[in-house]
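Hello,

Here is the structure I promised to pass on to you. Have a look at it first, and then read on for what turned up.

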Amino acid sequence: MIKRKKCSASQDSSFPGVRGQLMLFLCSITILTLVLVWALITYGLQPIYNRHIRTKLTKEATAIVGMIDSADGPISSRDLGPLVLLNDEFWSELNEAISNGTIDVDGCCIDISDSTFRNVQYLEGLYPCILHKSMVSFGSHAIYSKDTPTVVRLRQTLFSQGNLYEIAEEGSTRQMMVGVRSQDGNYGVIVSSSLTQIETAAEVMSSMLIPLALGLIILNILLAAVFSKWFTDPLRKMSDGAREIAAGNYDVRVPAERRDELGVLGREFNHMAQEVKTSAQLERDILANVSHDLRTPLTLIKGYAETVRDLTGDNPEKRSEQCNIIVDETDRLSALVNSVMELSKVSSGTEKPEPVDFDMSQLCFEVAGRYDALCEQNGWTLRLEADKECPVRADPAMMERVLHNLLGNATHHIGPDGVIVLRAIPLKTGCRVEVEDHGPGIPPEDLPHIFDRYYRSRKDAGKAGTGLGLSITKAILQQHGFAYGVNSTVGRGSVFWFEMKSPESSD
């Protein structure tokens with residue numbers, strides 16, 4: 001009895017398994033995400049916010065300057081000394097734009113000045129404000145100064161450069177100033193907004209990030225543990241199943257209800273287990289059948305050899321008869337061994353086809369001619385129907401073996417009429433070859449197994465042959481990629497067929 005040795009792949013204890021790798025991967029993703037969020041808050045949030053505020057302030061300053069440029073005449077005058085606001089149409093249009101939200105002054109300070117660097121008009125919606133030192137005292141009383149040193153300096157910069165962008169800090173107040181000058185150079189508009197809110201928001205978010213990160217990591221570890229167990233459970237079951245198969249239990253199956261790649265893998269595993277079971281059963285059948293077939297001729301050879309040696313050595317007739325039996329059994333034994341070796345070479349791929357272009361009708365004609373003597377001796381008729389050219393691409397030597405195997409199988413099941421038919425039928429894509437006999441036929445329950453190794457129908461028990469011819473035929477046709485099969489009706493005979501490819505179809 002062959003003892004099966006259990007073997008299992010050992011895992012390196014210093015390296016985490018698939019479940020550990022999944023948990024490590026998910027936790028790493030979480031940590032990386034938190035690091036990116038922290039970097040965004042620390043280094044990216046304020047610049048992004050500043051760009052947004054600058055764009056907004058520039059848009060508002062440009063809109064007011066555009067209204068000044070399109071106004072009919074100046075909007076103010078200092079000719080008589082004190083400031084006089086002119087052009088009521090412009091100031092009405094500006095007030096309307098502020099009222100309908102076209103120009104948003106909420107949280108902003110708007111300063112309009114002329115070329116004397118003095119204030120013409122301002123709209124204050126920002127408290128405290130660095131420009132005008134504005135603030136709201138107790139009782140909502142606003143305090144401000146129109147021409148502070150800071151705003152005068154900024155006006156000078158605006159009129160000298162044509163535009164202005166600056167971020168100023170004073171105490172805890174931090175503001176952005178954007179300025180645009182009119183086309184004639186007589187007026188300038190500065191719009192300012194506070195940046196304190198975004199700094200406060202960044203500080204609050206940074207302070208919340210550490211406890212949030214700890215909570216997310218703990219939650220992620222728990223979720224990763226649950227997910228990794230769910231994900232690796234089919235793999236663990238397949239691993240256990242593989243060990244069972246290695247130990248000789250070919251009936252093991254794994255759940256394959258999932259509809260993803262793991263489900264496909266599970267179904268393929270079960271299919272593999274079924275094929276391994278079938279293959280193991282065929283191996284046992286081959287071993288049993290070959291052992292039986294080897295035992296019979298060996299027993300006869302030994303028995304008749306001993307008889308010749310001990311009893312009939314001096315009787316020429318009996319000695320000749322018994323020696324002929326020894327020779328026949330030796331030939332039978334040799335044929336069986338050759339068939340097993342041929343099947344092994346073809347099935348394992350050791351003997352590979354060498355395809356060339358040839359006429360299958362001509363090959364059928366040549367093979368059929370070799371059965372003339374056998375048919376004449378037994379009173380059989382081999383009818384050849386191959387009168388049309390059938391160009392194909394295949395290994396001629398292997399195809400000759402296929403024809404011999406099918407014709408030999410037909411001779412073992414020849415019908416009362418003694419007729420065997422060999423056909424070569426041209427097709428658009430190649431050629432169809434059929435071998436027909438009018439024998440007893442094959443029962444439906446035997447048809448799926450007729451090409452299996454050493455499989456014999458119950459009706460064929462005890463008939464001549466090794467039982468490997470059709471298996472060799474199957475292996476050769478599979479190597480070529482040719483379709484094959486058998487059509488049979490009990491009591492009327494069988495037709496074994498295969499379809500070859502033409503040179504064009506092979507390319």
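Which residues of H10 are buried? They are Leu470, Ser471, Ile472, Thr473, Ala475, Ile476, Leu477 and His480. Please keep in mind that this is a predicted model.

Just after H10 comes Gly481, with a positive phi of about 80 degrees.

In soluble globular proteins, nonpolar side chains tend to be buried together. Here the largest nonpolar core has 38 residues, and those with the most contacts inside it are Met360, Met399, Leu403, Phe498 and Met500. Two or more residues of this core come from each of helix H7 (360-369), strand S12 (391-394), helix H9 (396-412), strand S13 (419-427), strand S14 (430-437), H10 and strand S16 (493-501). H9 gives the largest share, seven residues.

Beyond its neighbours within four places in sequence, Leu403 is in contact with Met360, Leu363, Cys364, Val367, Leu422, Val433 and Phe498. Another core, of 26 residues, lies apart from this one, and Leu94, Cys108, Val178 and Val180 are among its members.

Now for the charged side chains. Side chains of opposite charge can pair when their charged atoms come close.

- Asp111 and Arg155 meet in a salt bridge at 2.7 Å, N to O. Asp111 lies in strand S3 (residues 108-114) and Arg155 in helix H3 (residues 149-161), so the pair ties together parts that are 44 residues apart in sequence. Both residues are buried.
- Lys237 and Asp233 meet at 3.3 Å, N to O. They are four residues apart in helix H4 (residues 196-246), so about one helical turn separates them. Lys237 counts as partly exposed because its relative accessibility is 33%.
- Arg383 and Glu385 meet at 3.4 Å, N to O. Arg383, at 39% relative accessibility, counts as partly exposed, and so does Glu385, at 31%.

That last pair also belongs to a network of salt bridges, which links Arg383, Glu385, Arg423, Arg432, Glu434, Glu436 and Glu499.

Enjoy exploring, and write back with any questions!

Best wishes

Technical notes
Residues are numbered from 1 along each chain as its sequence is written. This is a predicted model: local features need pLDDT of at least 70, side-chain atom pairs count only at pLDDT 80 or more; totals for chains, interfaces and linings use all residues. Side-chain values use heavy atoms; hydrogens and water are left out. Buried means under 20% relative accessible area, exposed over 50%, partly exposed in between (1.4 Å probe, protein chains only). A nonpolar core is a set of buried Ala, Val, Leu, Ile, Met, Phe, Trp, Tyr and Cys residues joined through side-chain atoms within 4.5 Å. Contact means heavy atoms within 4.5 Å. A salt bridge is a side-chain nitrogen of Lys or Arg within 4 Å of a carboxyl oxygen of Asp or Glu.
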